[in-house]
Amino acid sequence: KASRTMTMRKGIINRNWAFEEDDLQELLYATKNSFKKNFKDYIPESMKDVSDYPANQDLVAFADAVTELVRDFMCVVYDSPGKNASEKRRLQRNMNNDPDLYAFLKGLARELGLVQSQDLLAFDDVVNVLSSLICNVTGMHELVGQISDYFANPKICGTTIRRDKEMDSIQIYQLNCTLVSSTGLRMPRLMGNWDHLFVRNRFADEAVQVMRCFQEKLRKLSIVIDERNP
């Protein structure tokens, strides 16, 4: 699988980045075991007081917006606002009776190396796992995984640290170019119009409204971040 090729010993990440094997495996283990936390709970303690670290304010605000998106969407799909004890029980009951959700969580638990899928059926756990995945492949990936600019010219610094060398080897440069070109396919933008992806059922109008509310929050957040970073 692609993920195994990326993360295995002597795989692409191990060969292309400045990670020792033990450090890489420790990082991957920590990442796999963090998905049941809220996304902002695994910002390192040592970085929480660093004023210009983007994750402290920008990414936390983004994670809050994503978490609210997932929470509101789940409440729409499972037909309960989930605001009081009775509504929460109804919401949980509707989730538990959804075989498609169970199958999805079972596969997700297996892929991520999480606990048994029945332990993920609690509403808050499902919200945290899904919002963490969304944050990791959008905002966090943009923060730490955007490497395409390194490969505009093979003579500039690359992704590895080599003794007495200022740029990557030819092999590493080619591997990274392959990675960038194979993962750089155009994807739907968060701020784009993707309401055609929603199932046309009785919840469709509410689901689209949740999406548009999320996008409006991102627009406002973008303005705040620009003002904070003149």
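Start by selecting Gln215: with a relative accessible area of 5%, this residue is buried, where buried means under 20% relative accessible area, exposed means over 50% and partly exposed is in between, using a 1.4 Å probe and protein chains only. Before going on, note that this is a predicted model, in which local features need pLDDT of at least 70 and side-chain atom pairs count only at pLDDT 80 or more, while totals for chains, interfaces and linings use all residues. Residues are numbered from 1 along each chain as its sequence is written, and side-chain values use heavy atoms, with hydrogens and water left out.

Keep Gln215 selected and show what surrounds it. Setting aside neighbours within four places in sequence, Gln215 is in contact (heavy atoms within 4.5 Å) with Leu190, Met191, Gly192 and Trp194. Gln215 itself sits in helix H9; helices here are DSSP runs of H or I with at least four residues, strands are runs of E with at least two, and both are numbered from the N terminus.

Ala204 counts as buried because its relative accessibility is 4%.

Next, colour H4 and H9. Which way do H4 and H9 run relative to each other? H4 spans residues 54-77, and it packs against H9 at an angle of about 170° with the axes 10 Å apart. The axes are lines fitted to C-alpha atoms, for helices over the stretch in contact, and angles run from 0 to 180 degrees between N-to-C directions. The two helices, H4 and H9, are therefore roughly antiparallel, the label for angles over 145 degrees; under 35 is roughly parallel, 65 to 115 roughly perpendicular, and the rest oblique.

Show side chains across that contact. On the H4 side, pick out residues including Phe62, Leu69 and Phe73; on the H9 side, Met211, Phe214 and Leu221 are among them. The residues of this contact split into 14 nonpolar, one polar and six charged. Nonpolar here covers Ala, Val, Leu, Ile, Met, Phe, Trp, Tyr, Cys and Pro; charged covers Asp, Glu, Lys and Arg; the others, Gly among them, are polar.

Step off the end of H4 to Asp79. You'll find it in the loop between H4 and helix H5 (85-96). Check the backbone: Asp79 has a positive phi of about 60° although it is not a glycine. Its relative accessibility is 28%, so Asp79 counts as partly exposed.

Carry on into H5 and select Gln92. Gln92 is partly exposed, at a relative accessible area of 22%. Leaving out neighbours within four places in sequence, Gln92 is in contact with Leu121, Ala122 and Phe123. Asp124 is 32 residues from Gln92 in sequence, and C-alpha to C-alpha the two are 9.9 Å apart.

Cysteines next. Cys75 is buried at 13% relative accessibility, and Cys135 is buried at 0%. How many disulfides are there? With a disulfide taken as a pair of cysteine sulfur atoms within 2.5 Å, the count is zero.

Finally, zoom out to the whole chain. The protein chain has nine helices and zero strands. Of its 230 residues, 34% count as buried. Among contacts with a separation of 6 or more, 54% are between residues 24 or more positions apart.
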